[in-house]
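Please look through the model shown below, with its sequence alongside. The questions that follow move from a single residue to the fold as a whole.

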Amino acid sequence: MDSDTHFTGTNSDVDTRRTTSGVNQTLHLIRSDDPSSQIQAAKEIRRLTKKSHRCRRQFSAAVSPLVDMLRADSAEANEAALLALLNLAVKDETNKVGIVDAGALGPIIGFLHSENSNLQEHATASLLTLSASSVNKPIIGASGAIPLLLNVLRHGRSEAKADSVLALYNLSTNPDNLSLILEAEPIPPLVDLLKTCKKSSKIAEKCSALIESLVGFEEGRTALTSEEGGVLAVVEILESGSLQSREHAVGTLLTMCQTDRCKYREPILKEGVIPGLLELTVQGTPKSQPKAQTLLRLLRDSPYPRSELEPDTLENIVCNLISQIEDEDQSGKAKQMLAEMVQVSMEQSLRHLQQRALNVKKNRAIEASTLVLEAQEEREDEQESDHNLTECRSPITTQRRTGF
């Protein structure tokens, strides 16, 4: 046992020395003046840092020479350095900040203009990773990257489009960046991507989140309703997206309706939103359920509560909405959804009543058991009292019987 432990420790020490030696050698090459050696070293850094956080820390000293390589007049050197920096930044906040501080944004943004589609894709992926840092968000926004990311979203290849929308989402969490995104007219390309991507994908989720943020501005709301199929794309996410995407979709429509009900009620209703909203009232997240119910109330003919003769129940609101739907297919689907919703509501109420009845039964059983125990204790006390009294009286009785 001891021998095995000692042997393992020795191997570990050897591996550590080899790793340290390899890191030092690679750092020496990346700092050299030989372009081919630098490219070789950049590729090695990319390989070693792909899955190792320790290597990312060890190679943080390579950031500056790698950034210098981004400015080289060689696509091969640019690509090797860009990919190495990308791996150095993954899940490493210090390296993310260090890469931006070293001046990498300038050449990276330049690659977004490049006709080399590989460089453009790697640059977009790099901005996605770097924008995950809260320190970098305002710097990237102020660098002029946002319009270029939207240009990639409009004209780039599919993978680059996906990375650009994720990068834009990261940047949008900074309030100043959100206004910059809005100025670059993002709604048309976002809607196009929302139409073509898988509705349950992460891309759809981030697209929906971005649109929800953008409709907080009048320009965003106007752009969404002006874009052909814009509202419909949101409604389709509300129906078929992931739970999180559906939450963003109902939030988008609710914001629009709450801001100007008269302006946005009809554009939302005509896209057949009712069935999806009904489903959300029952099966949505804790946040999306009340939003769906509120939106249903806003979409009905009158936004004000009805008289006591016709209670303002969800069923009545939906019935009122269904009566206004001219399309038979939509109306039939909405009625079916309403019936299912009522059925689920009844089942939930029944389960609640059954649970209450069971709890009452349990409580009564406990009360009965308590009463029985108390009665038994009282009888035992009485018997003990009688026994003590008998013991006190018995000597007197004996004296009387014996005549003493």
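Q: Which residues does Leu180 touch, not counting residues up to four places away in sequence?
A: In this predicted model, Leu180 has its place in helix α12, which covers residues 175-183. Leaving aside residues up to four places away in sequence, the contacts of Leu180 are with Gly141 and Ile146.

Q: Is Leu180 buried, partly exposed or exposed?
A: The relative accessible area of Leu180 is 32%. Buried requires a value under 20% and exposed a value over 50%, so with 32% Leu180 is partly exposed.

Q: How are helix α8 and helix α11 oriented where they pack?
A: Two packed helices are described by the angle between their axes and the distance between the axes. For α8 (residues 117-130) and α11 (residues 158-172), the axes lie 8 Å apart and the angle is about 25°. Angles under 35 degrees count as roughly parallel, and α8 is therefore, relative to α11, roughly parallel.

Q: Which residues of α11 make the contact with α8?
A: On the side of α8, the contact is made by Glu121, Thr124, Ala125, Leu127 and Leu128. On the side of α11, the residues are Glu159, Ala160, Asp163, Ser164, Leu166, Ala167 and Asn170.

Q: What is the phi of Lys91, and where is Lys91 placed?
A: Most residues other than glycine have a negative phi, and most peptide bonds are trans. Lys91 is placed in the loop between α5 and α6, and Lys91 counts as exposed at 72% relative accessibility. Although Lys91 is not a glycine, its phi is positive, at about 55°.

Q: Is Glu185 buried or exposed?
A: Glu185 lies in the loop between α12 and α13 and has a positive phi near 55°. The relative accessible area of Glu185 is 57%, which makes Glu185 exposed.

Q: How many helices and strands does the protein chain have?
A: Of the 404 residues of the protein chain, 42% count as buried. The secondary structure of the chain comes to zero strands and 22 helices.

Terms used: Residues numbered from 1 in each chain as written. Predicted model: local features only at pLDDT ≥ 70, side-chain atom pairs only at ≥ 80, totals over all residues. Heavy atoms only, no water. Helix = DSSP H or I, 4+ residues; strand = E, 2+ residues; numbered from the N terminus. Buried < 20%, exposed > 50% of the residue type's maximum accessible area, 1.4 Å probe, protein only. Axes fitted to C-alpha atoms, helices over the stretch in contact; angles between N-to-C directions. Parallel < 35°, antiparallel > 145°, perpendicular 65-115°, else oblique. Contact = heavy atoms within 4.5 Å.
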